[in-house]
Structure formats: structure tokens, C-alpha cells
Amino acid sequence: MRVLLIGANGYLGRFVADRLLADPAVQLTALGRGDDADVRFDLASGSPGALTRFLDAVHPQVVVNCAGTTRGGARELTRHNTVAVATVCEALRRSGGGARLVQIGCGAEYGPSQPGSSTAEDAVPRPGGPYGVSKLAATELVLGSGLDAVVLRVFSPAGPGTPAGSPLGRLAEAMRRAMQSGDGELKLGGLGVQRDFIDVRDVARAVHAASLSAAQGVINIGSGRAVRLRDAAAVLARVAGYGGALHELDGPPGGHLRSAIGHPRLESDHAGPVAYPYPDGCGSWQQADVRTARDRLGWRPRINLEESLADIWMEAACRI
């Protein structure tokens, strides 16, 4: 099976590439902006015509799009997450190869949900920020393209390679700094939110399964279980061997804020605590209903959060 992977050098793309390369039946070609791609191409600025010519030359049977960005203003997010997907869809329509498209979406497309509930694919999306809006627009483009396509809505990815700027990455970095300086107390803000964390290697398995399946539409990829960030912090402390106290600063005045998870570290240690929202625009709670992935892809998550956090910590500890 000839697979074209777009965004192979990104956070998710690297693990998807590893998973696909482990399948001897897959012939993989990587397309991206980096020097390590087999073919260099920028979806945000490249034309559909140029991509069509490449598709007609390579004749992939499956195109997996892991490209995109989580950072930047509305204009940049739209360019990399929406316009880029429009280019892929248009190029596939023009191409005569009839390739299947596996598009990586995200749980942020749904926006806030009711605490205690599980979000299924038929929920009405109400993204709470520009990132979710840009990804939802991409999903709508894919679903309306007429292509043989599936969108995997990935909830909160975790595990090795987790970006240092992500909430779990910042948490690990704050703990590393505390251990390095001998702090017996780690003061953190923003730990009250609950998210559905899913290991990146399980996401890669889902992409592989979707590439081989005939499933179309939207499919949630998550663990099916919301975890409070303060509980993830406690697990990380145990994994790291941090014996200090975790002091939460989500409320009104008192103490000072060492780190607000999901947001830049304050320069001043004397700044008052601020309860920042989790940066995905999904409010206090998000949990995926993953029955569709089980039924249509034969997929279930295998890696628990403790293992994901252990891998995050190993990478953070290497910076000591």
C-alpha cells in the first residue's frame, strides 16, 4: 500500500511515520516543510495544482494529513489548519488516483461540554477558540469534499515528544526546575480542568487502522476517560520521585504563582495567582465517547496515562 504522509516531522506525524514504516506492506513517502521530508512542500503556500502533479506522479492509495499548528493568531491558524487542508482536498479531487484521505482533527473542535458527559461524534461542534474553529473548518472541508475520507478527532495527546509548551510539557518542566533547585513546594495554577489524554502511539495505531479501513466521516480518538490535571500532576510527581508538596493556586489571592500550566511562566515570582483557562477553549471538562473507533476501526487505547507521563518525564529529566 502506497501511503503519502503529510507532516511527518510533527509531534503526531513522527509516531504515525514510525507506525506505518513498521508495516512491511506499506510503502511510505513523507511530504513536508522540513529538510528530512522525502519531498519538500508547504501546504499553506503551495498550490493545489503543484500538489496534484506530485500525486499523479506518486499514485498514493492513502494520503494521511498530520500537518497543522496549534500556535499563533487566527490568521496563522487558518492558513496552516484550514487553507492547507483545502489545498489537499482540491489536489485530491483533481488527481485521477482516487486516494483515500485520513485527516487528523482534534477534540477542540467540539468546544466545552457538560461535566460528566462523553462527547460522541454526533455532538454539535461549538469550538471555544480560534484553534478549534480552524480545525473544525478543515473537517467541514474534508466532509464536504466528496472524497473517500475519514477525520480522526484526536483529544489530548500525551507521551514521548510532548511539546514543552503544552500543558503536560509545562508541568514536567516546572517539576524539573523544582527538583533541580531543591524546592520542597511546587506552586501551580490551572490544575482544575479535566481532559481525555491519549498516548501518541495509540493515535498512530488509530491512523494505521483508519488507513486500512473503509470507514468515513468523523471518528473520536481518545481514552474515553477524563483525568483532572492535578491528578496527572500527582502521577507525574510519583513517576519523577518528587517528594515535595504540590500547592494549587487556582483561587483568589494568597501565595505566588510559580507556573500556570498551559501558559507562559511569569517572570516575576511575586505576581499574584491567576486562574488561567486551559488553552484549548474546551472549558473545564472533556471526555471522548470512543465506541465508534472500537466498532469501525477495531481500535482501543493500550497505553495508560502513567506510562505516557513517565515518557514525558524521561525527556524532561534529560534537560537537567
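This is a predicted model: local features need pLDDT of at least 70, side-chain atom pairs count only at pLDDT 80 or more; totals for chains, interfaces and linings use all residues.
I'll start with helix 3 and helix 4. Helix 3 covers residues 74-94, and helix 4 covers residues 130-143. Their axes are 9 Å apart, and the packing angle is about 10 degrees. Angles under 35 degrees count as roughly parallel, so helix 3 and helix 4 are roughly parallel to each other. On the helix 3 side, the contact is made by A74, L77, T78, N81, T82, V85, A86 and C89. Helix 4 contributes P130, Y131, S134, K135, A137, A138, L141 and V142. Sorted by class, the residues of this contact are eleven nonpolar, four polar and one charged.

The second pair is helix 7, residues 229-240, and helix 9, residues 305-317. Here the axes come within 9 Å and cross at roughly 60 degrees. That angle makes helix 7 and helix 9 oblique to each other. The crossing of helix 7 past helix 9 is right-handed. From helix 7, the residues involved are A232, V235, L236, R238, V239 and A240. They meet L305, E306, L309, A310 and W313 of helix 9. The class count for the contact of helix 7 with helix 9 is nine nonpolar, no polar and two charged residues.

Next, a single residue. V62 sits in strand 4, which runs over residues 62-65. Is V62 buried or exposed? Its relative accessibility is 2%, and buried means under 20%, so V62 counts as buried. Leaving aside residues up to four places away in sequence, V62 touches M1, R2, V3 and L4, as well as A99, R100, V102 and S211. One distance to go with that: V62 and V203 are 141 residues apart along the chain, and their C-alpha atoms are separated by 17 Å.

Last, the core. The largest nonpolar core has 34 residues. Which of them touch the most other members? Those are V64, L152, I221 and L297. By element, helix 6, residues 200-212, supplies the largest share of this core, with seven residues.

Technical notes:
Residues are numbered from 1 along each chain as its sequence is written. Side-chain values use heavy atoms; hydrogens and water are left out. Axes are lines fitted to C-alpha atoms, for helices over the stretch in contact, and angles run from 0 to 180 degrees between N-to-C directions. Helices (H or I, at least four residues) and strands (E, at least two) are DSSP runs, numbered from the N terminus. Angles under 35 degrees count as roughly parallel, over 145 as roughly antiparallel, 65 to 115 as roughly perpendicular and the rest as oblique. Contact means heavy atoms within 4.5 Å. Ala, Val, Leu, Ile, Met, Phe, Trp, Tyr, Cys and Pro count as nonpolar, Asp, Glu, Lys and Arg as charged, and the others, Gly among them, as polar. A crossing is left-handed if the near helix is turned anticlockwise from the far one by less than a right angle, and right-handed if clockwise. Buried means under 20% relative accessible area, exposed over 50%, partly exposed in between (1.4 Å probe, protein chains only). A nonpolar core is a set of buried Ala, Val, Leu, Ile, Met, Phe, Trp, Tyr and Cys residues joined through side-chain atoms within 4.5 Å.
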